[in-house]
Amino acid sequence: MSDRPRASLRRILEDLGSTVLDVAAAEGDLLDAEVTGVHIYDPLDEPLLPAGSIVLAVGVDRAEQICALLDAAGPAAGVVVKQPVDVDGCVHAKVRETGVAVLGLTRAASWAQVAALLRALLAEGDLTEPGEAPIDDLFSLANAVCALLDAPVTIEDRSSRVLAYSGRQDEADAGRIETVLGRQVPERYQRMLEERGFFRQLYQSREPIYIELNDETIARAAVAVRSGDEILGSIWAAVREPLSGQRRQALADAAKIVALQLLRQRAGADTRRRLRADLLSTVLAGGGDAAEAAGRLGVASERLCVLAAQLSDGPDADAARRESDRQRFCDALALHVGAIHPKAAAALVGSVAYAVLPMHGSGDEEARAVRVAESFLARVGPRHAANIGVGRMARNLAEVSRSRADADRALRVLRARSTSGAVAGYTGVHFESLLLQLSDLVQAEEQTPTGPYERLLAHDARHGSELVSTLRAYLDAFGDVNAASTKIHVHANTFRYRLKRLVQISGLDLADPEARLAVMLQMRIFGG
């Protein structure tokens with residue numbers, strides 16, 4: 001196999017095909033422009049578009065809006081607008097003037113889908129050293145198999161996620177197009193294949209099988225991709241008749257090549273992920289090597305917020321499943337922050353997925369980072385129950401370690417609340433975080449309650465009384481006896497009697513604000 005050509009608009013259009021993207025306006029050799037990243041356009045933010053980026057123009061549909069965006073796009077390679085694209089003379093003139101191509105995105109695709117597709121295509125060669133050759137890619141393999149079989153092809157993993165696909169997908173059926181756009185075989189098709197025993201037949205056979213689905217769907221030829229007894233995935237071709245003997249052999253041979261490529265990519269992905277995690281850990285530490293690590297990662301070095309995200313592991317999840325879920329969750333976080341800013345980065349460090357997110361200077365960086373985290377959790381939804389802590393803004397790499405510590409502490413507060421699917425900025429949970437740190441100190445020094453609080457705990461333990469709960473209700477109600485008695489479901493006179501007794505037993509002066517603060521802190525730290 002030959003090395004994959006550099007990422008260009010032309011190459012991306014060839015890989016995705018007209019099913020997803022098409023040229024709306026381009027002059028001369030604009031399609032040969034090199035593509036370096038994907039940026040989602042937000043009209044509320046100042047555009048920071050690095051050279052060679054593809055701009056996803058969400059909400060842009062009129063010709064005058066396209067022209068204004070082309071003026072603002074600067075050194076971008078192309079702008080993507082939902083079809084039908086309103087192209088007039090002004091748009092053509094702006095394309096010639098700016099050298100930025102305009103592409104049309106099919107109405108059936110979501111912006112999240114096209115962002116994922118483009119980033120998957122551009123991920124080739126991430127974190128490779130200078131002079132290091134890129135790994136042969138599955139898209140080239142899919143196109144080669146397509147040419148051998150004269151049929152559109154997808155390469156899928158064991159969970160029916162699309163790893164790569166060939167051109168000519170528009171020749172297949174609606175189910176295939178939906179599969180390519182979503183990068184996943186739709187659940188209804190998976191269920192049908194499972195119920196009719198096709199998956200069992202596929203994984204038990206070492207030869208290609210022929211599958212007739214229904215009148216609305218083109219038949220499929222499929223073969224399992226194996227490494228020994230391990231099923232790595234499968235190749236699916238949309239065909240109108242059974243394969244000839246020669247093509248069956250070609251498909252079987254292709255499965256062996258795909259198996260080698262998947263094993264190579266698995267090893268390479270593990271290596272790149274470890275390298276990315278090591279580099280990001282160095283950035284988060286904020287030491288002398290942080291600048292070099294940030295340069296290798298391609299992340300910004302100023303005005304950064306750190307996000308610390310952690311899955312809420314189920315009680316019965318096995319270790320392998322947890323690790324796989326964490327990695328997918330981190331990959332999704334990396335995609336999300338990367339779409340917001342091209343110099344963001346994310347990696348899994350231990351069980352926590354950390355992200356470094358550059359922020360524009362407007363004074364509310366932490367609040368905006370919280371909104372980014374909330375948006376991410378809303379997108380991943382029920383598939384990934386998680387919490388995210390957000391640190392304060394770091395003005396430079398030297399302060400990133402502080403922002404990381406902030407994010408860790410905010411995340412710990414959410415864990416202590418036993419919550420899931422929540423986001424907390426450090427400034428919003430500062431006091432709770434201080435209490436947890438104080439609790440750590442108390443436990444480390446094996447300290448115990450003292451003074452009035454100790455006497456109340458001892459009395460409740462000996463006599464089965466409820467003086468501590470009475471005091472807590474009184475303090476929580478700011479001394480309002482009626483509200484406090486209602487909260488613990490006793491008569492106000494009974495509550496007053498208990499209050500008098502606890503003052504006599506403990507010696508607590510409820511009129512002294514220092515005494516009230518001391519006993520409230522002991523309640524929070526020691527419980528009871």
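Where does Asp150 lie? Asp150 sits in the loop between helix H5 (138–149) and strand E6 (153–157).

## Basis of the model

This is a predicted model, in which local features need pLDDT of at least 70, side-chain atom pairs count only at pLDDT 80 or more, and totals for chains, interfaces and linings use all residues. Residues are numbered from 1 along each chain as its sequence is written, and side-chain values use heavy atoms, with hydrogens and water left out.

Helices (H or I, at least four residues) and strands (E, at least two) are DSSP runs, numbered from the N terminus.

## Backbone exceptions

Most residues other than glycine have a negative phi, and most peptide bonds are trans. Asp150 is not a glycine, yet its phi is positive, about 55°. Asp150 is partly exposed, with a relative accessible area of 46%. On this scale, buried means under 20% relative accessible area, exposed over 50%, and partly exposed in between (1.4 Å probe, protein chains only).

Phe478 also has a positive phi of about 55° and is not a glycine. Phe478 belongs to the loop between helix H16 (467–476) and helix H17 (481–487). With 80% relative accessibility, Phe478 counts as exposed.

The peptide bond from Gln83 to Pro84 is cis, with omega near -5°. Pro84 is in the loop between strand E4 (78–82) and helix H3 (89–98).

## Helix H10

Which residues of helix H10 (residues 290–297) are buried? They are Ala290, Ala293, Ala294 and Leu297. These residues cover an arc of only 100° around the axis, which puts them on the same side of H10. The arc is that of the directions from the helix axis to the C-beta atoms. An α-helix has 3.6 residues a turn, so residues three or four places apart point the same way.

Exposed Glu292 and Gly295 are on the face of H10 turned away from its buried side.

## Cysteines

How many disulfides does a search of the whole structure find? It finds 0 disulfides, a disulfide being a pair of cysteine sulfur atoms within 2.5 Å.

Cys67 is buried, at a relative accessible area of 4%. Cys146 is buried, with a relative accessible area of 4%. Cys67 is placed in helix H2 (residues 63–73). Not counting residues up to four places away in sequence, Cys67 touches Cys90, Val91 and Lys94. Contact means heavy atoms within 4.5 Å. Cys67 and Gly182 are 115 residues apart in sequence and 30 Å apart in space, C-alpha to C-alpha.

## Arg119

Arg119 is in helix H4 (residues 111–122). Arg119 touches Val38, Leu335, Gly338 and Ala339, not counting residues up to four places away in sequence. From Arg119 to Ser159 the separation is 40 residues in sequence and 20 Å in space, C-alpha to C-alpha.

## The second largest pocket

The second largest pocket holds about 240 Å³ of space. Its lining has 16 residues, of which Leu149, Asp150, Ala151, Val239 and Arg240 lie nearest its centre. The lining divides into 9 nonpolar, 1 polar and 6 charged residues. Ala, Val, Leu, Ile, Met, Phe, Trp, Tyr, Cys and Pro count as nonpolar, Asp, Glu, Lys and Arg as charged, and the others, Gly among them, as polar.

On a 1 Å grid over the protein atoms alone, a pocket is an open set of points where a 1.4 Å probe fits, with protein on both sides within 12 Å along at least five of seven lines; lining residues have an atom within 4 Å of a point. Grid points are joined across faces, edges and corners, and a volume is the space filled by probe spheres set on the points.
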